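Here are some notes to read alongside the model. Have a look at it first, then work through the points.

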Amino acid sequence: MALPERRRPLLLLGLAFASVLALAGCGSSGNAGDAGGEHLGHAGGPHDMESAAVEPIEVPAGAKAPRLTLTATPDAMGGFNLRVRMANFRLAPEHTGGRPVAGEGHLHLYVDGAKHTRLYGSWFYLDGLAPGAHALRVEAVANNHAPYHHGGEPVFATAAVETG
């Protein structure tokens, strides 16, 4: 199903914006340019208590830090199909809430700076966004919800989407 003619410019603008962010190498994933994106502050809210209650886990220098990339593809029926690609990180939903184990955990998805949900898989369908531009961010967190950091910065990836 093709996008209506009026939505194509918005999609192209969103894809161009995401490409510029990725090429700019903003974000932190252990290697410049791996994640792309910008830092979004944690907005207050009930979901943010998970990350706020624990200190970040700094990946030691010389260790392989988790790396993430995020892509958002418009779904033919509306919404977006999000895909997170990961390196040096294993999703372990069976250990959520347990003690941290190096290189494993789950992901937190933020929409416009506010925590939206946890991710336990590499694919997620996102819908229900208000019309306009939206910033998406996924952050690697340990089993105890502590965010992974490398070089003092969170390990995350971002994408931009536009809804009509």
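The points below cover a sheet, a core and one leucine.

1. Before you start: this is a predicted model, where local features need pLDDT of at least 70, side-chain atom pairs count only at pLDDT 80 or more, and totals for chains, interfaces and linings use all residues. Residues are numbered from 1 along each chain as its sequence is written, and side-chain values use heavy atoms, with hydrogens and water left out.

2. Take the open sheet, built from three strands in the order 2-3-7 with antiparallel pairing. Strands here are DSSP E runs of at least two residues, numbered from the N terminus, and two of them pair if DSSP finds at least two bridges between them. Strand 2 (67-74) and strand 7 (123-126) are at the edges with a single partner strand each, so one side of each has no neighbour in the sheet.

3. Now zoom in on strand 2 and strand 3 (residues 80-87): eight bridges join this antiparallel pair. Arg67 sits opposite Ala87 in strand 3.

4. The largest nonpolar core has 25 residues, and Leu68, Leu70, Leu82, Leu107, Leu136 and Val138 touch the most other members. Such a core is a set of buried Ala, Val, Leu, Ile, Met, Phe, Trp, Tyr and Cys residues joined through side-chain atoms within 4.5 Å.

5. Is Leu107 buried or exposed? Leu107 counts as buried because its relative accessibility is 0%; the cut-off for buried is under 20% relative accessible area (1.4 Å probe, protein chains only). Leu107 belongs to strand 5, and its C-alpha is 6.2 Å from that of Val138, 31 residues apart in sequence.

Terms used
Helices (H or I, at least four residues) and strands (E, at least two) are DSSP runs, numbered from the N terminus. Buried means under 20% relative accessible area, exposed over 50%, partly exposed in between (1.4 Å probe, protein chains only).
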